Amino acid sequence: VQLQASGGGLVQPGGSLRLSCAASGFTFSRYSMGWFRQALGKEREFVAAVNWGGVTYYADSVKGRVTISRDNAKNTVYLQMNSLNPEDTAVYYCARGKTDWGRRLADYDYWGQGTLVTVSS
């Protein structure tokens with residue numbers, strides 16, 4: 001199993017970014033996928049998840065600003081982030097779910113390497 005996250009970078013407050021996570025080594029369409037983030041000095045926290053059927057779940061802190069989606073033909077999960085603010089600065093990780101979906105780290109069994117998002121003027 002491999003998860004390769006990409007798309008991070010420096011963006012100004014109010015800007016947008018789309019993160020991608022390319023998956024390989026397993027039957028992607030059968031698994032839920034999630035995005036987490038970890039800011040410097042803080043614990044890793046749930047951002048969003050999409051189950052195998054395409055149902056989505058969001059953390060309250062990003063709801064309305066973030067959209068998770070998946071393309072099973074490309075074995076890729078995306079995280080579209082809009083109206084970014086400095087509090088969104090973090091390393092973003094994608095992960096493969098062990099269950100239908102979950103908010104806990106323990107609900108995921110494989111993790112990508114992370115991609116850094118910096119929101120700053």
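Reader: Of the 121 residues of the protein, what percentage count as buried?

Author: Welcome! This is a predicted model, in which local features need pLDDT of at least 70, side-chain atom pairs count only at pLDDT 80 or more, and totals for chains, interfaces and linings use all residues. Residues are numbered from 1 along each chain as its sequence is written, and side-chain values use heavy atoms, with hydrogens and water left out. Buried means under 20% relative accessible area, exposed over 50%, and partly exposed in between, with a 1.4 Å probe and protein chains only. By that rule, the buried share of the 121 residues is 44%.

Reader: How many strands does the protein have?

Author: Strands are DSSP runs (E, at least two residues), and helices are runs of H or I with at least four, both numbered from the N terminus. The protein has zero helices, and its strand count is 11.

Reader: How many aromatic pairs does the structure hold?

Author: Rings of Phe, Tyr and Trp (its six-membered ring) pair if their centres lie within 6.5 Å; planes under 30 degrees apart count as stacked, over 60 as edge-to-face and the rest as tilted. Ring pairs link F36, F46, Y57, W101, Y108 and W111 into a cluster. For the structure, the number of aromatic pairs is eight.

Reader: What kind of aromatic pair do F46 and W101 form?

Author: F46 counts as buried because its relative accessibility is 9%, whereas W101, at 25%, counts as partly exposed. Their ring centres are 6.0 Å apart and their planes are at 50 degrees, so by the cut-offs the pair is tilted.

Reader: How many residues apart are F46 and W101?

Author: F46 belongs to strand β5 (residues 45-50), and W101 lies in the loop between β9 (90-97) and β10 (108-111). Their pair links distant parts of the chain, with a separation of 55 residues.

Reader: Over which residue's ring does the charged end of R70 sit?

Author: A charge sits over a ring if NZ of Lys or CZ of Arg is within 6 Å of the ring centre and within 35 degrees of the ring normal. The charged end of R96 sits over F26, 4.9 Å from the ring centre. For R70, the distance is 4.5 Å and the ring belongs to F28.
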